[in-house]
Amino acid sequence: SIAEYLHVSTFESWASVGNWYWNLIEDQLVVSPEIAATVQSLILGAESTRERVAAIHEYVVRNTRYVGLEFGIHGFLPYPTSVSFSRRFGDCKDTASLIHVMLGVAGIDSHIVLVRTRDLGELQPLPASLAVFNHAITYVPELDLYLDGTAGYSGLDELPRGNQGASVLIVVPEGGSRFTRIPVAGADANQRNIETVVDLTQPGLPTLQESTFQGHFAPVLRQRY
């Protein structure tokens with residue numbers, strides 16, 4: 001965004017980038033018996049798509065520690081989801097794939113998303129390339145919701161600031177991939193509200209203060225506490 005650069009690619013379109021990446025990762029998206037059983041227990045009693053998504057998202061972020069073993073092809077290729085699930089650690093590609101697979105077991109459509117985080121600057125629409133991305137998350141079309149499986153202290157609607165406004169490729173098989181940008185959350189989604197109660201009838205008593213946080217304030221407080 002602040003300096004000139006040269007961007008060269010052998011891909012002719014974003015659809016071809018998406019097809020290449022899907023063909024690379026498709027065989028890694030394994031539904032093991034353990035994954036299937038866990039999903040069924042998580043969504044038991046969930047009445048809406050959002051409740052099922054929330055249960056799966058919370059399970060992955062609470063039970064998958066971030067560790068990146070990006071040797072060789074694994075700079076692009078996630079490990080099999082059955083492996084990531086059983087060993088309970090992985091990088092962004094691993095958690096994005098695991099969320100995608102678990103949502104599929106729950107009957108919820110989702111897509112892997114390749115992300116160029118906002119700190120790296122905005123991408124132009126062309127040329128289409130794979131090398132420009134440095135992160136991976138999951139997208140749920142039905143809810144228009146992006147989920148970051150590496151954001152361990154973030155809730156369902158608290159997408160990390162590095163993802164907001166980022167250039168992304170939503171990977172859809174058979175030519176359906178599309179290049180877009182994640183919206184930036186508005187001010188109403190990021191709030192800190194403080195309510196103070198003072199008992200004036202009893203001098204010297206302590207003041208009661210209650211604070212509530214939402215949006216990007218909330219994960220910081222969760223991590224602190």
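Y59 counts as buried because its relative accessibility is 16%, where buried means under 20% relative accessible area, exposed over 50% and partly exposed in between (1.4 Å probe, protein chains only). This is a predicted model: local features need pLDDT of at least 70, side-chain atom pairs count only at pLDDT 80 or more, and totals for chains, interfaces and linings use all residues. Residues are numbered from 1 along each chain as its sequence is written, and side-chain values use heavy atoms, with hydrogens and water left out.

**Aromatic pairs**

- Rings of Phe, Tyr and Trp (its six-membered ring) pair if their centres lie within 6.5 Å; planes under 30 degrees apart count as stacked, over 60 as edge-to-face and the rest as tilted.
- The count by this rule is five aromatic pairs.

**W14 and its partners**

- W14 and F179 are stacked, at 4.6 Å centre to centre and 10° between the planes.
- W14 lies in helix α1 (residues 14-25) and F179 in strand β7 (residues 178-181), so their pair ties together parts 165 residues apart in sequence.
- Helices (H or I, at least four residues) and strands (E, at least two) are DSSP runs, numbered from the N terminus.
- W14 has 9% relative accessibility, so W14 counts as buried.

**Y59 and F85**

- Y59 and F85 form a stacked pair, 6.1 Å centre to centre with 25° between the planes.
- Y59 lies in helix α3 (residues 49-63) and F85 in helix α4 (residues 81-87), so this pair ties together parts 26 residues apart in sequence.
- F85 counts as buried, at 11% relative accessibility.

**A cluster of rings**

- Ring pairs join W14, F133 and F179 into a cluster.
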